[in-house]
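Open the model in your viewer and keep the selection tool at hand. The tour goes stop by stop.

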Amino acid sequence: MALRSMDTLNVEGRRVLLRLDLNVPLKDGKVGDETRIREAAPTVRTLAERGAVVIACSHLGRAKGKPDPTLSLAPVAPILARLADRPVLFVPDTVGDGAKQAVAAAKPGDVLLLENLRFEAGEEKNDPAFCARLAALADVYVNDAFGTAHRAHASTAGVAKLFKDRAAGPLMAREIAALSKVRDHPDRPFVAVVGGAKISGKLETLQSLARRADTVILVGGMANTFLLAQGAAVGKSLVEAELVPMAKEILAAATGRGASVVLPTDAVVAPGPDAPGRTVSASAVGPDEMILDIGPETRQRIASILAKAGTVFWNGPAGVFEKPAFAAGTLAIAQAMAASPAFTVVGGGESVAAVQQAGVAGKLSHVSTGGGASLEFLAGDVLPGVTVLEGGA
Ligand code: ADP
Ligand code: MG
């Protein structure tokens, strides 16, 4: 079933409950990074310009079901107002009388921002009574928070069912379109580049990509376990020895169906991330050394594979890119993505940061900010916050 888009909803003069991802980093009560607010602002503005009463809501941080002044959304309101270019009234309440009164007093075109939804225990519990109170504030529901769509919480799942008119916002729609293309109908050859620290957190995504991609390129810390599975000595590198059998299974599954798996053939190694690195063959890592980046030969090989790809999905840095001495591999992948004529999608917190650091975000087809939700989607999982929108009227 197709997702209903916000564009098809009649919102004029109606109250729209708008679930956003305003989960921004806070430092000493100030917003540390405005990216998520900047991304959400056009949705707010569009709805307001279409004459809706916009009731924006989000979670922020790990509030444990009760008010925590250090996690208030209040500091977000003035920034949202500036970026959406309209006044935003912060409502220090979620579903109580304060919220009801603010909504009752609002006029078409007004924007309200409710307090952190996770100040209420009912939010993460997807509690029916809380859902009903939240739904009672509005006539229409729009979810533009893809990053929490993998959680069945009140504001993402339970509340949506209580609206006949429910739809995906533009950010959500873009994420689903790009990730569906990668997962369900990629232009071939489809190349998956998977790296980052560990296999364990991404096992299902890795398995799914190994079933779907024509070429799976393994880099970063997780490649170490695969090198180990192939009998290489990896010294003191980060490995998950208990996952060696799983790594063997993934290798066998991919190669068994004719896909190729590419592992690093050279590496930048050092006794630790603060020591200077040296480049060695992947078969010549010393017993006291750690693999901290892919080497130049591997970088070249990846670039030439990406240049011939139809679709590329990349998650996970190729090295400890936070240290300039071990960033070359990750930046080279970012550059190769940008240069590739393929449909290119990057996902994951650190990988997206690396793409931004390389200054190439604008050259990729899609930068997925969904983090865990993106990986779960690619793993083939049903995302509760997405499925519920498919059932809209
Ligand atoms: P993402 O957030 O993009 O999904 P991850 O969280 O899985 O990526 O992994 C990012 C981390 O992986 C980075 O902090 C990086 O330092 C680390 N990493 C990458 N390669 C290695 C390596 N060879 N050894 C240790 N850590 C690594
Ligand atoms: Mg990460």
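Start at Asn-315: an N or O atom in its side chain is 3.0 Å from an oxygen atom of ligand 1. This is a polar contact, meaning a pair of N or O atoms within 3.5 Å. The model is predicted: local features need pLDDT of at least 70, side-chain atom pairs count only at pLDDT 80 or more, and totals for chains, interfaces and linings use all residues. Residues are numbered from 1 along each chain as its sequence is written, chains are lettered from A and ligands numbered from 1 in the order written, and side-chain values use heavy atoms, without hydrogens and water.

**Stay at the ligand**

Select Glu-322 next. An N or O atom of its side chain is 2.4 Å from an oxygen atom of ligand 1. Then pick Ala-197. Here a polar backbone atom is 3.0 Å from an oxygen atom of ligand 1.

How much of ligand 1 does the protein bury? Alone, ligand 1 exposes 580 Å², and the protein buries 82% of that (Shrake-Rupley areas, 1.4 Å probe).

Now show the shell. It has 18 residues around ligand 1, each with a heavy atom within 4 Å. Lys-202, Ile-291, Glu-322, Glu-350 and Ser-351 are the closest. By class, the shell has six nonpolar, nine polar and three charged residues. Nonpolar covers Ala, Val, Leu, Ile, Met, Phe, Trp, Tyr, Cys and Pro; charged covers Asp, Glu, Lys and Arg; the others, Gly among them, are polar.

Color helix 13 (349–357). It gives the most to the shell, with three residues. Helices are DSSP runs of H or I, at least four residues; strands are runs of E, at least two; both are numbered from the N terminus.

**Move to a helix pair**

Select helix 8 (residues 203–212) and helix 10 (residues 244–256). They pack at about 20°, with axes 9 Å apart. That makes them roughly parallel, a term for angles under 35 degrees. Helix 8 brings Leu-203, Leu-206, Gln-207 and Ala-210 to the contact; helix 10 brings Met-246, Ile-250 and Ala-254. Contact means heavy atoms within 4.5 Å.

**Last stop**

Go to Pro-189, in the loop between helix 7 (170–184) and strand 9 (190–194). The peptide bond from Arg-188 to Pro-189 is cis, with omega near 0°.

Definitions and conventions
Axes are lines fitted to C-alpha atoms, for helices over the stretch in contact, and angles run from 0 to 180 degrees between N-to-C directions. Angles under 35 degrees count as roughly parallel, over 145 as roughly antiparallel, 65 to 115 as roughly perpendicular and the rest as oblique. A polar contact is a pair of N or O atoms within 3.5 Å; within protein, one must be able to donate a hydrogen and the other to accept it, and residues adjacent in sequence count only if both atoms are side-chain atoms.
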